[in-house]
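Me: Could you take a close look at the charged side chains for me, and at what surrounds them? I'd like one connected account that I can follow with the model open beside me.

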Amino acid sequence: NVTVISDAFVEKLLFKKDRIEGVKVYPRNKTNHHLIFRSEKVILSGGAINSPALIMRSHLPTSSVLGKRTFLHPVVLSGALFREEVSPYYGAPQTLYSDSLMSGPFPEEEAGFKLEVPPIHPLLLASVLPFYGEHHRSAMKELPRMHAMIALLRDGFHPDSQGGVVELASNGSALLDYPITKHLQEGMRKALLIMGEAQLAAGAKAVLPLHRESEKVTNLKDLKTMISSLSMKGGEVTVVSAHVMGGCAMGENEETSVVNTFGRYHQMENLYIFDGSLFPTSIGTNPMISIYALVGYLLEQNFKEAKS
């Protein structure tokens, strides 16, 4: 039998010596009321931000690398307006992509990126447009003729790309400090230029890199001039992410990793972490299938008796 508790907050893991003895949970709709679950084995799958944060809130003994080298595939976006209707909200989403720029000609110096063509739904567009008021309204009215490209930067492969650090806020919630370094800034600049160039070559009437200071351009010369002048610092360029990886690195050395190569927490004999936090860097593609594969393997290795 399986019992699912939804809409609840896991406050902490209760432990004694080297074993987890319980999981303390607060249902969000019931104040001053908590549940404690007890199990012989506990699997933590909170993701690359919440898994480290829960361990921190629980004050478990751990490695100094917990919550560090957390990667995001930071994403920059380029919008385009076509004369004909594009209807970017119909059809199978993100069926077009390119890995040709994942590693540049000098991978040790440049931030490679994956190009994808996402769907544009009204809510998604409204949330990323860097406009307000009437400007925002007029842009939304152009939705049927809009096209977008995104570039997912492959972070974690350069001394200037060490990812972010998960920390706890004063109320115990998770925070992620992720610096947009010079290495990433140059990758973003290159990505915005290449995406805009591709959209113009495909017949776009105008291109708009998503940036607080950008303007629509109609030709490659103006695009190059504008992008070369834009600041790529955080808060200036629009950066989004849906891929969170790292923070609970795997390894056999307890000083440089959080779990062993089978996903078991080093300092707790009955605690396992099975999620994207185990990755040592970001990976070269959307991580969902890779997380499924890794977790499937770890489940089989650790719980063969349950399978039989």
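**Charged side chains and their surroundings**

Reply: Let's start at Lys190, which is partly exposed, with a relative accessible area of 29%. Please keep in mind throughout that this is a predicted model. The side chain of Lys190 meets that of Glu110 in a salt bridge, at 2.8 Å from N to O. Glu110 sits in the loop between β7 (97-98) and β8 (113-116), while Lys190 belongs to helix α4 (residues 182-201), so this pair ties together parts that are 80 residues apart in sequence. Glu110 is partly exposed as well, with a relative accessible area of 27%.

As a reminder, side chains of opposite charge can pair when their charged atoms come close. With a cut-off of 4 Å between a side-chain nitrogen of Lys or Arg and a carboxyl oxygen of Asp or Glu, the count comes to 10 salt bridges. Another of them joins Glu269 and Arg19, at 2.6 Å from N to O. Glu269 is in the loop between β13 (245-246) and β14, and Arg19 is in strand β2 (residues 19-27), so here the parts tied together are 250 residues apart in sequence. Both ends count as partly exposed: Glu269 has 39% relative accessibility, and Arg19 has 27%.

Glu142 and Arg145 form a salt bridge too, with 2.5 Å from N to O. Glu142 counts as partly exposed, at 25% relative accessibility. Returning to Arg19, salt bridges with shared partners join Arg19, Glu40 and Glu269 into one network.

Three strands make up an open, antiparallel sheet in the order β1-β2-β3. At its edges stand β1 (8-16) and β3 (35-37), each with a single partner strand, so one side of each is left without a neighbour in the sheet. On average, neighbouring strands of this sheet are turned by 25 degrees against each other, direction ignored. The antiparallel pairing of β1 with β2 runs over 8 bridges.

The charged end of Arg154 sits over the ring of Phe157, 3.9 Å from the ring centre. Phe157 also leads us to Thr281: leaving aside neighbours within four places in sequence, Thr281 is in contact with Arg69, Phe71, Asp155, Gly156, Phe157 and Met245. Thr281 lies in the loop between β14 (271-273) and α6 (288-302). With under 20% as the cut-off for buried, Thr281 counts as buried because its relative accessibility is 15%.

The structure holds 4 aromatic pairs. Tyr89 and Tyr90 are edge-to-face, because their ring centres are 4.9 Å apart and their planes stand at 80 degrees. Tyr89 counts as partly exposed, at 26% relative accessibility, whereas Tyr90 counts as exposed, at 63%. Elsewhere on your tour, look for Tyr272, Phe274 and Phe303, which ring pairs link into a cluster.

How values were computed
Residues are numbered from 1 along each chain as its sequence is written. This is a predicted model: local features need pLDDT of at least 70, side-chain atom pairs count only at pLDDT 80 or more; totals for chains, interfaces and linings use all residues. Side-chain values use heavy atoms; hydrogens and water are left out. Helices (H or I, at least four residues) and strands (E, at least two) are DSSP runs, numbered from the N terminus. Buried means under 20% relative accessible area, exposed over 50%, partly exposed in between (1.4 Å probe, protein chains only). Contact means heavy atoms within 4.5 Å. Two strands pair if DSSP finds at least two bridges between them. Axes are lines fitted to C-alpha atoms, for helices over the stretch in contact, and angles run from 0 to 180 degrees between N-to-C directions. Rings of Phe, Tyr and Trp (its six-membered ring) pair if their centres lie within 6.5 Å; planes under 30 degrees apart count as stacked, over 60 as edge-to-face and the rest as tilted. A charge sits over a ring if NZ of Lys or CZ of Arg is within 6 Å of the ring centre and within 35 degrees of the ring normal.
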